[in-house]
Amino acid sequence: MATFAVPQQIPPVAEDCERLRKAMQGWGTNENAIISILTHRNARQRCLIRQTYAEKYGEDFFKPLQDELSGDFLRAVLLWTPHPAERDALLANEVTTKKHSAAHNHLVIMEIACTRTSRELFQVREDYHARYKRSLEEDIAYHTTGDFRKLLVPLVSTYRYEGAEVDMTVANSEAKILQEKISEKAYNHDELIRILTTRSKSQLNATFKVYNDQFGHPINKDLKKKPKDEYLGLVRATIKCLTCPEKYYEKALRLSMKGLGTTEETLTRVVVTRAEVDMKSIMEQYQLKNSVPLAQDIKGDTSGDYLATLLALIGQ
């Protein structure tokens, strides 16, 4: 785990560790103290807490958490506390080792590949390599098949250019290529995969705008002709994550709380991974789409310490 110099402006880390230690000792657990401290510390501060706790008390900070907390509350805290690269490595490993639906696994990998910066994705691969003594790419290749493997392996392997520069000649050419392959139903064509997995997000936005202007409708509309096709669903989700992640995550949150029951796995993952990134935009999109605040729906579908943690992470 990375070490960091302590910035002057943050509360003393040793004090946080003492309060957390006290909250988890004796009869009963002070869940409010745990939530209050951890949800109001950024990634750097949380890493320092974990590092200092281990040095001060001789055990990983996660051990008493696992001993004292449980259920969705425990999972939310365990996912929130690590450095984002470590968290993504853990999430990626989970979907290759635990029994989830294939569709769930594909989406988790795609989210990590498409909504992190190139540097962040590189750090995930580094952490995964060090932690599991295997590469992320080889595990995804081993645990996926067919078209899903063909798309996901290059997605996690890429190092996209992050700049705003756009080549309109390329945008026009590749919009035509995409339209041709989609009209031929060649959804797994090498050229379609190449464009989605290598071009910068700015370049892709330009290409998709040309596609819309030239052919009269968004590319995802043409990819929706088989709405129940899981591979096409993944391709559409990839495009949405690359171009407008707030819309992708709004839908993921909405579906996680729709109907009877709540898909806590998705709800927790989205809130925890986006809290320090673009949660404000996601919440605005949620309000726009559903005419109700995200916090209100979370309150209606969760309870207790888990609810308190989620509300704190979305700033409520």
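Contact here means heavy atoms within 4.5 Å. Keep that in mind for these exercises, which use a predicted model.

**Exercise 1.** Work out where threonine 39 sits, whether threonine 39 is buried or exposed, and what threonine 39 touches.

*Solution.* Next, check accessibility. Buried means under 20% relative accessible area, and threonine 39 comes in at 11%, so threonine 39 counts as buried. Now look for partners. Skip the neighbours within four places in sequence, and threonine 39 is in contact with Trp80, Thr309, Ala312 and Leu313.

**Exercise 2.** Find which residues of helix α9 (residues 136-143) are buried, and what covers them.

*Solution.* Pick out the buried ones: Leu136, Asp139 and Ile140. They span an arc of only 95° around the axis, so they lie on the same side of α9. As for the cover over the buried residues of α9, it includes α6 (84-97), α7, α8 (118-132) and α10 (146-157).

**Exercise 3.** Describe the largest pocket and its lining.

*Solution.* Begin with the space: about 800 Å³. Then go to the 25 lining residues, where Leu107, Gly233, Ala237, Lys251 and Leu255 are the closest to the pocket's centre. Sort the lining by type and you get 9 nonpolar, 7 polar and 9 charged residues. Last, ask which helix gives the largest share of the lining. That's α15, with 6 residues.

Terms used. Residues numbered from 1 in each chain as written. Predicted model: local features only at pLDDT ≥ 70, side-chain atom pairs only at ≥ 80, totals over all residues. Heavy atoms only, no water. 1 Å grid on protein atoms, 1.4 Å probe; cavity = no way out; pocket = protein on both sides within 12 Å on 5 of 7 lines; lining within 4 Å. Points joined across faces, edges and corners; volume = space filled by probe spheres on them. Helix = DSSP H or I, 4+ residues; strand = E, 2+ residues; numbered from the N terminus. Nonpolar A, V, L, I, M, F, W, Y, C, P; charged D, E, K, R; others polar. Buried < 20%, exposed > 50% of the residue type's maximum accessible area, 1.4 Å probe, protein only. Arc of directions from axis to C-beta.
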